[in-house]
Amino acid sequence: MESEQLYHRGYCRNSYNSIASASSDEELLDGAGVIMDFHTTEDDNLLDGDAASPGSNYAMSNGGGVASSTTHLLDFLEEPIPGVGTYDDFHTIDWVREKCKDRERHRKINSKKKESAWEFTKSLYDAWSGWLVVTLTGLASGALAGLIDIAADWMNDLKEGVCLSAMWFNHEQCCWTSNETTFAERDKCPQWKSWAELILGQAEGPGSYIMNYFMYIYWALSFAFLAVCLVKVFAPYACGSGIPEIKTILSGFIIRGYLGKWTLMIKTITLVLAVASGLSLGKEGPLVHVACCCGNIFSYLFPKYSKNEAKKREVLSAASAAGVSVAFGAPIGGVLFSLEEVSYYFPLKTLWRSFFAALVAAFVLRSINPFGNSRLVLFYVEYHTPWYLFELIPFILLGVFGGLWGAFFIRANIAWCRRRKSTRFGKYPVLEVIFVATITAVVAFPNPYTRQNTSELIKELFTDCGPLESSQLCQYRSQMNGSKAFTDNPNRPAGPGVYAAMWQLCLALIFKIIMTIFTFGLKVPSGLFIPSMAIGAIAGRIVGIAVEQLAYYHHDWFLFKEWCEVGADCITPGLYAMVGAAACLGGVTRMTVSLVVIVFELTGGLEYIVPLMAAVMTSKWVGDAFGREGIYEAHIRLNGYPFLDAKEEFTHTTLAREVMRPRRSDPPLAVLTQDDLTVEELQGVINETSYNGFPVIVSKESQRLVGFALRRDITIAIENARRKQEGIMLNSRVYFTQHAPTLPADSPRPLKLRSILDMSPFTVTDHTPMEIVVDIFRKLGLRQCLVTHNGIVLGIITKKNILEHLEELKQHTEPLIDDI
């Protein structure tokens, strides 16, 4: 009874129709209803999927009878039918069929390559096309990432002032050639003018502060408004991070236009605007989306990938690695990110090509040198002291904080995204972005740690204090008292600047936590990596300074006395910031191996892998205690995408017959007979049902399974036959067998549809445990599986049915846990 209520509440076949009738793609994005509302054409039909292998050649006959007088006629349908084997929007691909098509293509090329030099050249081109497409993807990803970095830095500084000598220089570049800068005020030079200096002619005083405050808010709102308007008008798919959708697409789902040229163009432009607006978001996640757009566009240049959806996803896996490579300057981390986090199918050759794409992208970014430091990364650090064993305690505590923050953020953000649909903000995304941008700008300006660019903030928090650092975080009191030095104390006492910075960092931490919850999910490009790392870096720096001062004032404690050498710096607060950043990002995304590699590539801190591993694993364990889903999986569920997560475990004891459709109260299973139907009857079945596929049986009496035919392929084949064949009428007999059935002499020409029939659909018996069925769907990428008993077809299990069943079991399990 409860399963029937679940079916009628969110999984009825009309659930997608309301979405499909949306007037724009933005309404489609806004239409992500309640959790697990699988509003897709493929999933709202009980019989979906297409495992047909076009052009399958089987010598055996399934009860076709003797050949009639019409068999001598040319059957045009023996040729490949245009459109058969393709997929509609919001459908799931059939991995098995796509792999079969690729193997057939490969065999055909190999069989012809010795015929002529031209065929041999074509075979070489086919073999190298994979490397060519990932090379182009890496080149484009690196170039676009460099452009985005440079433009975002310039526009971010534009909120504070302008360079008079060269308007295209940002603040740092403007003062590079100046001879009038001082060490204490290295960011001030005559060439750079604040808005107060330009408008009021004064650099100090209340009036200049108010003018700079006003101009900061004006530019922030202008950038945010322009970004959301461009997204709303030209490319609604350009909003958000893009990683949840990339994960879903790589699992086999079709979202037309999500990786198109308009999405690429608008996402590149609006990403710069969104980052420059000062919103609590990052550009790293959207760069993965940008790189995948490049991979998708270049794949259409090569028939090997443009005509095979499974092969195209190999390119997209490599593109996602290139995206992380240029986002963080971490090529190896990008490959591991693609393997661990986003890819659904990752063969060994895709690993090599992902590595090569990440290499090319990193090389291009290094050539552009957007950060001006001759390095790939902005956060490169050099720590001069090792870490000590007792520091694992605060590192693990930072991991606990990261796990708690991740669990809290996921629940709060998902709750707000759900509520957004029922509030005024959900109906007016432009107003929501303007409101959030206004609050962010008004609150951020007074605090220097929230006013500056988030990447610059993380860099400052990571950096170790040295003689060349003028940050407020490094304003320690001198260790000299007259002529006597404090040589018996390992660290330095904090000065007033450090304590003031601690208070400002605490306020910045609260501000970042609150604003990130409400910012992620806005209708602008918004990444989550940098905000999460900023929160962890702030918390880590606070803890690092606290431990450092503890070591100074209590240097005789056994912990510090045992490990810290007298007269030497013992604690590195920047290291705590780095560990905290990794812990918080791990708590939100639940990444482990790839995250550790990304962070040590990002900072160059190879020596500190063990603290990073300890913090990241602790963060994951603590976060998993509150829920195993990361933020991307949570948003996939929220948007209702048909995604079977390989990380979830199925521990229940249900059988296939309990999940298959139809159920006892449902109408009988819609099937086709192999040689008894006419064209009119077949079209009637198609028009009266909305199923995406039909089992083909021997006869109504036998009910034994012959194969499986797709609704789309049947419709295309009939239309193609009417165009190319004469004599196909409504009363023409349709047959799926090798030979035409025996017909009267005056009968119209029969229609042979054997070429669109999948003769080997996946089947399980009605007593198969669902644990095995779920594994089959995950590992083979199936869309549907037929359920039989002694060869007689009983029902069908689709990907949607499995997702329904998992959600139903989850809803039954959670109340039991709450009762305990």
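Among contacts in the protein between residues at least 6 apart in sequence, those joining residues at least 24 apart make up 77%. The model is a predicted one. The protein has 820 residues, of which 57% count as buried.

**Overall make-up**
- The protein contains 32 helices and 13 strands.

**A nonpolar surface patch**
- Phe120, Leu124, Tyr125, Trp128 and Leu132 make a nonpolar surface patch of about 520 Å².
- One of these residues, Phe120, belongs to helix α5, which covers residues 117-158.
- Phe120 has a relative accessible area of 43% and is therefore partly exposed, since this class lies between the limits of 20% and 50%.

**A negative surface patch**
- Asp676, Glu680, Glu681 and Glu701 form a negative surface patch.
- Within this group, Asp676 is placed in the loop between β5 (672-673) and β6 (677-678).
- Asp676 counts as partly exposed because its relative accessibility is 42%.

**A buried loop residue**
- Asn447 is located in the loop between α18 (429-444) and α19 (448-451).
- The relative accessibility of Asn447 is 10%, so Asn447 counts as buried; the class of buried residues requires a value under 20%.
- When its neighbours within four places in sequence are left aside, Asn447 is in contact with Gln504, Leu507 and Ala508.

Conventions
Residues are numbered from 1 along each chain as its sequence is written. This is a predicted model: local features need pLDDT of at least 70, side-chain atom pairs count only at pLDDT 80 or more; totals for chains, interfaces and linings use all residues. Side-chain values use heavy atoms; hydrogens and water are left out. Patches are made of residues with over 30% relative accessible area and no salt bridge: like charges are joined within 9 Å, nonpolar side chains (Val, Leu, Ile, Met, Phe, Trp, Tyr) within 5 Å. Accessible areas come from the Shrake-Rupley method with a 1.4 Å probe; for residues, only the protein chains shown count as cover. A salt bridge is a side-chain nitrogen of Lys or Arg within 4 Å of a carboxyl oxygen of Asp or Glu. Lys and Arg count as positive and Asp and Glu as negative; His and the chain ends are not counted. The place of a charge is taken as NZ of Lys, CZ of Arg, CG of Asp or CD of Glu. Helices (H or I, at least four residues) and strands (E, at least two) are DSSP runs, numbered from the N terminus. Buried means under 20% relative accessible area, exposed over 50%, partly exposed in between (1.4 Å probe, protein chains only). Contact means heavy atoms within 4.5 Å.
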